[in-house]
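Please look over the structure shown here before reading on.

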Amino acid sequence: RFSLCFILGASSCISGARLLLIGESLPVDSRVARDARFQQAQAAYLQGDYFESERLLASNLALEDADLESGLLLVSVLRRSGRYEEAIQQINHLRKRDFSVRWESELAMEKEKCLKRKRQSMDAPPPKAT
């Protein structure tokens, strides 16, 4: 028992000293950083810079797969850039996430928009060569 208590006490002292000397390490990606990237992605989306917006949103989703707001904006980016299949796949992926029930109406609306635009693009005649 004595050696177990000694080891626990020593590890506590070492951890405390390390915390005082080095400081608490912050997580690599905090919610604040993800929120900042999301706002930048929104601004890029509104300016029509879909590639930059997609890059920022993909970065958020790589770090936090359950970031439904970033996922939903990514769906809009994909739809706006004519990548309907990718958008539908992203919607299906988001529907599997926890708390997706809160966003079900938006997800359903986005899926309907994607399917409609996909049908319209298939129905449109090919451009004429001049």
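## Basis of the description

Helices (H or I, at least four residues) are DSSP runs, numbered from the N terminus. The model is a predicted one, in which local features need pLDDT of at least 70 and side-chain atom pairs count only at pLDDT 80 or more, while totals for chains, interfaces and linings use all residues. Residues are numbered from 1 along each chain as its sequence is written, and side-chain values use heavy atoms, with hydrogens and water left out.

## Salt bridges

A salt bridge is a side-chain nitrogen of Lys or Arg within 4 Å of a carboxyl oxygen of Asp or Glu, and the whole structure holds nine of them. One of these joins Arg 31 and Asp 35 at 3.3 Å, N to O; both residues belong to helix α2 (residues 31–46) and stand four residues apart, about one turn of the helix. With buried meaning under 20% relative accessible area, exposed over 50% and partly exposed in between (1.4 Å probe, protein chains only), Arg 31 is partly exposed at 40%, and Asp 35 is partly exposed at 33%.

Glu 54 and Arg 83 also form a salt bridge, their closest N and O atoms being 2.8 Å apart. Because Glu 54 lies in helix α3 (residues 50–63) and Arg 83 in the loop between α4 (68–80) and α5 (84–95), this pair ties together parts that are 29 residues apart in sequence. A further salt bridge, 2.8 Å from N to O, is made by the side chains of Arg 79 and Glu 110, and it links distant parts of the chain, with Arg 79 in helix α4 and Glu 110 in helix α6, 31 residues apart. Arg 79 is buried, with a relative accessible area of 5%, and Glu 110 is likewise buried, with 8%.

## The aromatic pair

The structure holds one aromatic pair, a term for rings of Phe, Tyr and Trp (its six-membered ring) whose centres lie within 6.5 Å, with planes under 30 degrees apart counted as stacked, over 60 as edge-to-face and the rest as tilted. The rings of Tyr 45 and Tyr 50 have centres 5.7 Å apart and planes at 50°, so the pair is tilted. Tyr 45 is buried, with a relative accessible area of 14%, whereas Tyr 50 is partly exposed, with 23%.

How values were computed: Helices (H or I, at least four residues) and strands (E, at least two) are DSSP runs, numbered from the N terminus.
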